[in-house]
Amino acid sequence: MAKFKIKTGDLVQVISGSKQNKGKQGKVLHVNTETSRVVVEGVNVVTKHKRANAQGEAGGIVKTEAPIHISNVMLVDPETGKPTRVGYRTETVERDGKQKTVRVRVSKSTGKDL
């Protein structure tokens, strides 16, 4: 299982792909580490035709977000609103009288915490 720098809830921008999706920004709804794909809100919307079933649920056309590969998105810097690369900085924090090292995500372009 791979480890990614993009987490659920991050604001990302699509940097490659179809012209309908390229340049769009949205919030990450789900990260699938096994297939290296993310589901982004409002990006890669597909329509599915759903048949009505016997329990009384109505059929029709349903629009849902399909996953896209994680290499096609970049994290958006909240300060500038532009896509940026992600780095890490280690800090020592004192909690409950103990020293702990914590990794903090940092924007490569501005150097600010994400």
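This is a predicted model: local features need pLDDT of at least 70, side-chain atom pairs count only at pLDDT 80 or more; totals for chains, interfaces and linings use all residues.
Trainee: Where in the chain is Ser16 found?

Mentor: Look in the loop between β1 (11-14) and β2 (25-32).

Trainee: Which residues is Ser16 in contact with, leaving aside neighbours within four places in sequence?

Mentor: Those are Lys22 and Asn72. With Asn72 there is also a polar contact between the side chains, at 2.8 Å. You can check the C-alpha atoms too: Ser16 and Ser71 are 55 residues apart along the chain, yet 8.6 Å separates them.

Trainee: Now the whole chain. How many helices and strands are there?

Mentor: Count zero helices and ten strands.

Trainee: How do I read the radius of gyration of the chain?

Mentor: Compare it with a compact globule. For 114 residues that would be near 13 Å, but this chain has 19 Å. The C-alpha trace spans about 60 × 35 × 25 Å along its principal axes, and buried residues make up 25% of the chain.

Trainee: What does a search for aromatic pairs find?

Mentor: Zero in the whole structure. There is a ring to look at, though: Arg103 lies over the face of Tyr88, 4.0 Å from the ring centre.

Definitions and conventions
Residues are numbered from 1 along each chain as its sequence is written. Side-chain values use heavy atoms; hydrogens and water are left out. Rings of Phe, Tyr and Trp (its six-membered ring) pair if their centres lie within 6.5 Å; planes under 30 degrees apart count as stacked, over 60 as edge-to-face and the rest as tilted. A charge sits over a ring if NZ of Lys or CZ of Arg is within 6 Å of the ring centre and within 35 degrees of the ring normal. Helices (H or I, at least four residues) and strands (E, at least two) are DSSP runs, numbered from the N terminus. The radius of gyration is taken over C-alpha atoms; the globule rule is 2.2 Å times the number of residues to the power 0.38. Buried means under 20% relative accessible area, exposed over 50%, partly exposed in between (1.4 Å probe, protein chains only). Contact means heavy atoms within 4.5 Å. A polar contact is a pair of N or O atoms within 3.5 Å; within protein, one must be able to donate a hydrogen and the other to accept it, and residues adjacent in sequence count only if both atoms are side-chain atoms.
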